[in-house]
Amino acid sequence: LSYSFDDLNNLPHVKDWIIGFIEGNGSFYIIKEKNRVEFNLSQKQEKQLLENIGKIMGLSGKISVSIKNNGQCILTAVNLKDIQGVVNFMCNPERIRLKGMKKVKYLLWLKELRRNPRYKGIKIPDKY
């Protein structure tokens, strides 16, 4: 299947669908050894879909999607601009919220952003 940015972006409730997609295929990492955080979103053999989701989420113009040997594609956000984009997308009051353990992992991720001086420039809302 081919997913154009316009096709996805014009679907009603696509941003809420992306939250559900993140619930299933997203990861919020705290990498202590490197003193950084990371957001990943993966899908098998769907590089174009992940690139378009990254654009909708407001990630940087050059979106990095790596492809593993098994065909797994991974969208990764590590730079400050992209981490801010993830926070802005996830914390939008008009959007549905994560649930269960994914919500807990996201809240811990936000806590690390607040605590880590590396991310002092990131604007994080007080409530999720």
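C91 lies in the loop between helix 4 and helix 5, where helices (H or I, at least four residues) and strands (E, at least two) are DSSP runs numbered from the N terminus. This is a predicted model, in which local features need pLDDT of at least 70 and side-chain atom pairs count only at pLDDT 80 or more, while totals for chains, interfaces and linings use all residues. Residues are numbered from 1 along each chain as its sequence is written, and side-chain values use heavy atoms, with hydrogens and water left out.

**Overall architecture**

- The protein contains five helices and four strands, arranged from the N terminus on as α-α-β-β-α-β-β-α-α.
- Of its 128 residues, 43% count as buried; buried means under 20% relative accessible area, exposed over 50%, and partly exposed in between (1.4 Å probe, protein chains only).
- Among contacts (heavy atoms within 4.5 Å) with a separation of 6 or more, 62% are accounted for by residues 24 or more positions apart.

**Surroundings of C91**

- C91 is buried, its relative accessible area being 10%.
- Leaving aside residues up to four places away in sequence, C91 touches R97, Y106, L110, P125 and Y128.

**Helix 5**

- Helix 5 (residues 100-115) has 16 residues and reaches 23 Å from its first C-alpha to its last, close to the expected 22 Å; the expected span is 1.5 Å times one less than the number of residues.
- K102, Y106, W109, L110, E112 and L113 are the buried residues in helix 5.
- These residues cover an arc of only 155° around the axis, which puts them on the same side of helix 5; the arc is that of the directions from the helix axis to the C-beta atoms.
- The face turned away from the buried side of helix 5 carries the exposed residues G100, M101 and K111.
- Packing partners of the buried residues of helix 5 are helix 2 (14-25), strand 1 (26-31), strand 2 (36-44) and helix 4 (80-90).

**Helix 4 against helix 5**

- The axes of helix 4 and helix 5 come within 12 Å and cross at roughly 130°; axes are lines fitted to C-alpha atoms, for helices over the stretch in contact, and angles run from 0 to 180 degrees between N-to-C directions.
- That angle makes helix 4 oblique to helix 5, given that angles under 35 degrees count as roughly parallel, over 145 as roughly antiparallel, 65 to 115 as roughly perpendicular and the rest as oblique.
- Helix 4 passes helix 5 in a left-handed crossing, meaning that the near helix is turned anticlockwise from the far one by less than a right angle (right-handed if clockwise).
- I83, V86, V87 and M90 of helix 4 meet Y106, W109, L110 and L113 of helix 5.

- The twelve residues of helix 2 should span 16 Å at 1.5 Å a residue, which agrees with end C-alpha atoms 16 Å apart.
- Burial in helix 2 involves V14, I18, I19, F21 and I22.
- Viewed down the axis of helix 2, its buried residues fall within an arc of 160°, so they line one face of the helix.
- Helix 2 packs with helix 3 (residues 47-56) at an angle of about 120°, the axes being 11 Å apart.
- Helix 2 is therefore oblique to helix 3.
- K15, W17, I18 and F21 of helix 2 make the contact with L49, L50, I53 and I56 of helix 3.
- The passage of helix 2 by helix 3 is a left-handed crossing.
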